[in-house]
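Hello,

Here is the structure you asked to see. Please open it first, then read my notes below.

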Amino acid sequence: MLESSLYYKDVLDYWGQRDKDYQMFALSNEEWSNVAILCKFLKVFYDVTCVFSGSNYPTANLYFRGVWKVHKVLLDTVKGPHSFLTPMVKQMQEKFNKYWAEYSLILSCAAILDPRYKLNYVQYCFNTIYGIHASDFVETILSNLRLLFDEYIKKSKSTSSSLAGSSNVSDKIPVDSGLDEHNHSSADFGGYFDESDDYKRYLNESSTRSEKSQLDIYLEEPELELNSQIDVLDYWSKSSVRYNELSLLARDLLAIPISTVASESAFSMGKKVITPLRSSLKPKIVQAVVCLDDWMRAKGFSTEIGCKKDDDDDDDDEDDDVSSVAF
């Protein structure tokens, strides 16, 4: 609605000059400037809400960047030069802190598993919010991600060992010695000492000491372009050969729902606009109710005119009833 009003600014100004009934609602140049600032401020919330409440079920890697943007905008606006926004923003901060103040640990781990973000972007975001204390938050997220990854490694090894045990049964099937009687590429030195098992253990121990984990290798590789359009699930599907256990972890983390909070409750500092009694109204009637409520307040009329409430209505319904005009 704000974008539409800015688009028709000249028309509305002209209307205010021609229509005496509209003159009391006409905006001054300063008020139009405030509308433009407010529109730009709320655009961030609109974009984030569209992402979080999208019908395509967004993956969990989008959570961290969206919440950080809202957090940063609120902090910057409170400290900014636009004093007319300060009272509203302070109320919004209270609502924000109620839902989002502590960044979800598990969903922040999902941001690291986005090849565009990884650890560097998470560090940057925390630095802009917490300054010198950012490293504590980053270390907590990274250490928990490593613990979670270790659990997937253990699960993968237990699965591999069970498969190896079943395959050993087939290894014990005797093989026709006639197939190898002319094979001179190998030699049996005989004797009671067989070092093959000990050699395998040595190789496993040395590889464990020298090789980096899949998570370390992934984090050391350069990030993709920050604003590039990629399918993260497809990325990890194609990387499953290289990052076997890490891709399983990414698949599970990215599938976590971002939020179960309704979008109108996440950022709105107001109360319910539509009560259960008016839930069947069409959108145009709802908008008319809200606008009429504002106009009546501006005129100084009581908004309780014509409204009869049942004695059985509880206090919560009265608190949530923003528009009391009855149609």
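Helices here are DSSP runs of at least four residues, numbered from the N terminus. One caution before the details: this is a predicted model.

Start at tyrosine 8. This residue sits in the loop between helix H1 (2-7) and helix H2 (9-18).

Now the overall picture. The chain has 16 helices and zero strands. Of its 327 residues, 28% are buried. The accessible surface comes to about 22700 Å², and carbon and sulfur atoms account for 54% of that. Take the contacts between residues at least 6 apart in sequence: 72% of them join residues at least 24 apart.

Next, the inside. In soluble globular proteins, nonpolar side chains tend to be buried together. The largest nonpolar core in this model has 50 residues. Tyr63, Trp236 and Leu246 have the most contacts inside it. Which residues does tryptophan 236 touch, beyond those up to four places away in sequence? They are Leu113, Tyr218, Tyr243, Leu246, Ser247, Ala250 and Leu254.

Arginine 116 deserves a look. It lies in the loop between helix H7 (105-112) and H8. Arginine 116 counts as buried because its relative accessible area is 10%, and buried means under 20%. Its side chain makes a polar contact of 2.8 Å with the side chain of aspartate 114. A polar atom of the arginine 116 side chain also lies 2.8 Å from the backbone oxygen of serine 228. Leaving aside neighbours within four places in sequence, the contacts of arginine 116 include Asn61, Leu62, Glu223, Ser228 and Val232. Glutamine 229 is 113 residues from arginine 116 in sequence, yet the two are 9.5 Å apart in space, C-alpha to C-alpha.

Last, serine 156. It is in helix H9 (residues 134-171). With 17% relative accessibility, serine 156 counts as buried. Its side chain is joined to that of glutamate 245 by a polar contact of 2.8 Å.

Best wishes

Technical notes. Residues numbered from 1 in each chain as written. Predicted model: local features only at pLDDT ≥ 70, side-chain atom pairs only at ≥ 80, totals over all residues. Heavy atoms only, no water. Core = buried A, V, L, I, M, F, W, Y, C linked by side-chain atoms within 4.5 Å. Buried < 20%, exposed > 50% of the residue type's maximum accessible area, 1.4 Å probe, protein only. Contact = heavy atoms within 4.5 Å. Helix = DSSP H or I, 4+ residues; strand = E, 2+ residues; numbered from the N terminus. Polar contact = N/O pair within 3.5 Å; in protein donor to acceptor, adjacent residues only side chain to side chain. Areas by Shrake-Rupley, 256 points an atom, 1.4 Å probe, with all protein chains shown as cover.
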